[in-house]
Amino acid sequence: VVLDTNRAAQWKLQDEERPARESPFLPRRISLPPATIEYGVACAASLVQHFLRQDRSVGFLAYDRVRHSIQPDRGAPQLIRALETLAVIDGAGEMAVEDVLRIEDTHLTRGALVLVITASTSPGLVPGLRALRMQSLTPFLVLLASGSFGAPEDNAVHAVEAGRAGIAVRLVRCGDSLDVAMSRPATPASL
């Protein structure tokens with residue numbers, strides 16, 4: 001799981017713009033703060049937990065203020081390591097996610113599924129994902145819809161480009177139920 005913590009890719013709605021929806025994995029009607037870093041952390045935690053429940057090895061990578069890297073492993077201790085790491089992430093990184101992928105691709109296990117969670121509007125995102133495929137990796141994009149978080153530029157074009165490149169995409173908008181958004185593929189109709 002690769003979480004984009006680049007400061008330039010983080011967006012946040014003001015409270016009066018905030019859609020009122022609940023999160024499926026939090027008790028009762030607690031909503032996530034309307035910020036891409038909060039949704040990104042929640043998506044990462046959900047994905048780590050999901051794959052660990054399936055007894056799959058899961059690793060984690062983020063370039064926040066410092067490089068956070070957890071080697072792939074299985075079991076409850078791995079979930080605890082991931083949650084402890086996610087708890088300190090604040091979205092203040094300086095490196096674009098496509099640069100992180102380029103730097104780290106040699107350290108990723110060939111044949112691995114690489115889940116990239118980002119709200120980036122950078123034109124280098126999809127070429128960076130395609131480069132993973134050239135390294136015998138399988139990219140999977142969880143795109144946080146930047147426009148729904150108040151960004152001046154929408155990143156829906158990345159979902160279209162990635163889909164055309166054969167990369168699986170899930171689109172998460174501010175206020176979405178994460179279990180629903182993460183379970184349905186992004187389609188042109190859903191953009």
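**Helix packing, cores and loops**

A: Let us begin with a pair of helices. In H1, Val 41, Ala 44, Ala 45, Val 48, Gln 49 and Leu 52 meet Gln 78, Leu 79, Ala 82, Leu 83 and Leu 86 of H2. Sorted by class, the residues of this contact of H1 with H2 are nine nonpolar, two polar and no charged. Please bear in mind that the model is predicted.

Q: At what angle do H1 and H2 pack, and how far apart are their axes?

A: Two packed helices are described by the angle between their axes and by the distance between those axes. Here H1 and H2 pack at about 175°, and their axes are 10 Å apart. An angle over 145 degrees counts as roughly antiparallel, and H1 is therefore roughly antiparallel to H2.

Q: How do the axes of H3 and H4 cross?

A: The axes of H3 (residues 97-104) and H4 (residues 125-134) come within 8 Å and cross at roughly 20°. Angles under 35 degrees count as roughly parallel, so H3 is roughly parallel to H4. The crossing in which H3 passes H4 is left-handed.

Q: Which residues of H3 and H4 meet?

A: From H3, Val 97, Glu 98 and Leu 101 meet Leu 125, Gly 128, Leu 129 and Leu 132 of H4. The residues of this contact comprise five nonpolar, one polar and one charged.

Q: How many helices and strands does the protein have, and in what order do the elements run?

A: There are six helices and six strands. Read from the N terminus, the order is β-α-β-β-α-α-β-α-β-α-β-α. Of the contacts between residues at least 6 apart in sequence, 66% join residues at least 24 apart.

Q: How many of the residues count as buried, and which have the most contacts inside the largest nonpolar core?

A: Of the 191 residues, 48% count as buried. The largest nonpolar core has 35 residues, and those with the most contacts inside this core are Val 1, Phe 60, Ile 117 and Val 172. At least two core residues come from each of H1 (36-53), E2 (58-63), H2 (76-87), E4 (113-118), E5 (138-144) and H6 (178-183). H1 provides the largest share, 11 residues. A second, separate core of 22 residues includes Val 126, Ala 145, Ala 159 and Leu 171.

Q: With which residues is Val 1 in contact?

A: When neighbours within four places in sequence are left aside, Val 1 contacts Ala 44, Leu 47, Val 48, Val 58, Gly 59, Phe 60, Leu 61, Leu 115 and Ile 117.

Q: Which residues other than glycine have a positive phi?

A: Most residues other than glycine have a negative phi. Two cases may be noted here. Asp 55 has a positive phi near 60° and is placed in the loop between H1 and E2. Ser 136 has a positive phi of about 65° and lies in the loop between H4 and E5. With a relative accessibility of 47%, Ser 136 counts as partly exposed.

Q: Where is Gln 135 found, and which residues does Gln 135 touch?

A: Gln 135 is found in the loop between H4 and E5. Its relative accessible area is 28%, so Gln 135 is partly exposed. Not counting residues up to four places away in sequence, Gln 135 touches Asp 105 and Arg 110. Gln 135 and Gly 111 are 24 residues apart in sequence, and their C-alpha atoms are 8.6 Å apart in space.

Methods. Residues are numbered from 1 along each chain as its sequence is written. This is a predicted model: local features need pLDDT of at least 70, side-chain atom pairs count only at pLDDT 80 or more; totals for chains, interfaces and linings use all residues. Side-chain values use heavy atoms; hydrogens and water are left out. Axes are lines fitted to C-alpha atoms, for helices over the stretch in contact, and angles run from 0 to 180 degrees between N-to-C directions. Helices (H or I, at least four residues) and strands (E, at least two) are DSSP runs, numbered from the N terminus. Angles under 35 degrees count as roughly parallel, over 145 as roughly antiparallel, 65 to 115 as roughly perpendicular and the rest as oblique. A crossing is left-handed if the near helix is turned anticlockwise from the far one by less than a right angle, and right-handed if clockwise. Contact means heavy atoms within 4.5 Å. Ala, Val, Leu, Ile, Met, Phe, Trp, Tyr, Cys and Pro count as nonpolar, Asp, Glu, Lys and Arg as charged, and the others, Gly among them, as polar. A nonpolar core is a set of buried Ala, Val, Leu, Ile, Met, Phe, Trp, Tyr and Cys residues joined through side-chain atoms within 4.5 Å. Buried means under 20% relative accessible area, exposed over 50%, partly exposed in between (1.4 Å probe, protein chains only).
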